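Grab a pencil and take a look at the chain below.

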Amino acid sequence: MKTVNVHEAKTTLSALLARVEKTGERVFICRSGKPVADLVPHRRVDRTVPHPVMSAIEIKYDPTEPLGPEEWPEAK
């Protein structure tokens with residue numbers, strides 16, 4: 001993990017981005033010695049894998065089945 005101050009981050013942003021992109025290393029950006037931001041590599045989310053919470057949901061009816069006449073809302 002590399003730590004840089006705000007001024008150094010501003011002047012070497014392109015180099016810092018290249019480093020994060022190449023090595024995957026995190027860079028901490030600090031102001032007065034206190035971390036204020038993290039520069040981290042972008043992580044792509046695999047949208048083909050279902051979320052664990054969604055996997056636990058059980059639907060006990062056929063959602064593709066058409067509604068019956070009694071299930072339609074009243075016309076106004």
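**Exercise 1.** How many Å apart are the mean positions of the positive and negative charges of the chain?

*Solution.* Start with the setting: this is a predicted model, where local features need pLDDT of at least 70 and side-chain atom pairs count only at pLDDT 80 or more, while totals for chains, interfaces and linings use all residues. Residues are numbered from 1 along each chain as its sequence is written, and side-chain values use heavy atoms, leaving out hydrogens and water. Next, pick the charges: Lys and Arg are positive, Asp and Glu negative, with His and the chain ends not counted. Place each one at NZ of Lys, CZ of Arg, CG of Asp or CD of Glu. That gives 12 positive and 11 negative charges, and their mean positions are 20 Å apart.

**Exercise 2.** Work out which order the elements of the chain run in from the N terminus.

*Solution.* Count helices (DSSP runs of H or I, at least four residues) and strands (E, at least two). You get 3 helices and 3 strands. Read from the N terminus, they go β-α-α-β-β-α.

**Exercise 3.** Is Val27 buried or exposed?

*Solution.* First find Val27: strand S2, residues 27–31, holds it. Buried means under 20% relative accessible area, exposed over 50%, and partly exposed in between (1.4 Å probe, protein chains only). Val27 is buried because its relative accessible area is 0%. Now look at its contacts (heavy atoms within 4.5 Å). Beyond neighbours within four places in sequence, Val27 touches residues including Val4, Leu16, Val20 and Leu39. For the whole chain, 13% of the 76 residues count as buried.
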